[in-house]
Amino acid sequence: MGRIGDGDIHAAFVEFRAKESDKCLSAQCIYCQSIRAKNTSRQRSHLLECPAYLNAMKEHNPDNPILHEAVNGTPTQNNTPVKTPKKRDLDTMVNGFQGNTSSASHSFPIPKPQLERDFQMSVQLNPKISVGPGIWGQRNWVSFISGHWNGRFGKGTVVPGGQDSQLIAPDLSTHIDANCLLQTHDHPPAFIAVKMDGWRVGPRDILEKLEDPSQIDEVDPKTYSFRVNVHMETGDARYLHLNTGMWVASGVRRGTEGRITKFLFPTP
């Protein structure tokens with residue numbers, strides 16, 4: 001059985017094989033980048049004297065057993081009783097895990113992504129075409145007439161010809177699988193391919209109204225959820241940063257119009 005703190009030791013190193021001919025793995029400290037042979041005892045000795053690691057533990061994980069040994073000269077004793085895991089409930093799913101984040105298995109903090117409003121898009125839609133029932137459910141085809149968009153990185157139009165291949169589940173939840181092309185107002189313009197996939201879900205009576213052109217404008221957007229993931233691709237040098245962006249979006253239907261507001265996960 002490994003000693004107390006071995007999990008923290010392994011979490012502080014990245015293991016790799018320096019050469020294909022090497023029989024043993026090497027380990028690189030993610031705090032100071034130094035490299036040594038993969039050996040738990042030697043890696044422990046390194047961390048006990050690694051200023052970058054010890055400073056990080058003092059700030060983010062003061063209960064770390066390696067830090068305790070470095071400060072006091074003796075390993076910490078694990079007298080904490082084992083807790084029975086709690087069942088994952090709705091509150092946990094909504095608010096996230098709120099447990100002890102300073103345990104030995106959390107050697108360094110994980111950045112929490114923050115949402116920032118980035119841009120919005122409005123698209124005029126053609127009437128849907130029913131492809132018919134398939135093995136996964138009812139398939140509908142909706143094409144884009146035109147549209148416009150604006151945001152922090154620019155503005156422009158939606159090129160005619162985009163489409164949404166919708167899959168309708170038995171409870172009327174709708175899977176969105178849409179593709180379109182954005183054109184910027186630059187001279188010359190740039191073109192950005194956009195792919196969106198997600199779900200529109202809610203109470204059955206609300207989803208029925210969204211399928212009825214005479215009632216769709218009366219539906220409160222807060223009574224249903226319309227969320228999609230968004231990916232962008234372009235070869236234009238002015239917008240290459242979009243290729244590695246991550247977006248989540250909230251949508252709403254209004255008559256023959258679909259509106260999407262996109263939120264960016266900025267890089268920490």
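Q: Where is Arg253 found?
A: Arg253 is found in strand S12, which covers residues 247–254. Keep in mind that this is a predicted model.

Q: Is Arg253 buried or exposed?
A: Arg253 has 17% relative accessibility, so it counts as buried. The cut-off for buried is under 20%.

Q: And which residues is Arg253 in contact with, leaving aside neighbours within four places in sequence?
A: Leu125, Arg200, Ile216, Tyr224, Phe226 and Gly258.

Q: What separates the C-alpha atoms of Arg253 and Glu211?
A: A distance of 9.9 Å. Along the chain, Arg253 and Glu211 are 42 residues apart.

Q: New topic, cysteines. How many disulfides does a search of the whole structure find?
A: The search finds 0 disulfides. Cys32, for one, is in no disulfide. The nearest cysteine sulfur to Cys32 belongs to Cys29, 3.8 Å away.

Q: What is the relative accessibility of Cys50, and what is that of Cys32?
A: Cys50 is at 2%, so it counts as buried. Cys32 is at 33% and counts as partly exposed.

Q: On to helices. Which residues are buried in H3?
A: Helix H3 spans residues 51–60, and its buried residues are Tyr53, Leu54, Ala56 and Met57.

Q: Where do those buried residues fall, seen down the axis of H3?
A: They fall within an arc of 160°, so they line one face of the helix. As background, an α-helix has 3.6 residues a turn, so residues three or four places apart point the same way.

Q: Which exposed residues are on the face of H3 turned away from the buried side?
A: That face carries Pro51, Lys58 and Glu59.

Q: Now H2 and H4. At what angle do they pack?
A: Helix H2 (residues 40–48) and helix H4 (residues 65–72) pack at about 65°. Their axes are 9 Å apart.

Q: Is the crossing left-handed or right-handed?
A: H2 passes H4 in a right-handed crossing.

Q: Which residues meet there?
A: From H2, Arg44, Leu47 and Leu48. They meet Ile66, Glu69 and Ala70 in H4.

Q: How many residues of that contact are nonpolar, polar or charged?
A: The contact of H2 with H4 has 4 nonpolar residues, 2 charged and no polar.

Notes
Residues numbered from 1 in each chain as written. Predicted model: local features only at pLDDT ≥ 70, side-chain atom pairs only at ≥ 80, totals over all residues. Heavy atoms only, no water. Axes fitted to C-alpha atoms, helices over the stretch in contact; angles between N-to-C directions. Helix = DSSP H or I, 4+ residues; strand = E, 2+ residues; numbered from the N terminus. Left-handed = near helix turned anticlockwise from the far one by under 90°. Contact = heavy atoms within 4.5 Å. Nonpolar A, V, L, I, M, F, W, Y, C, P; charged D, E, K, R; others polar. Buried < 20%, exposed > 50% of the residue type's maximum accessible area, 1.4 Å probe, protein only. Arc of directions from axis to C-beta. Disulfide = S-S within 2.5 Å.
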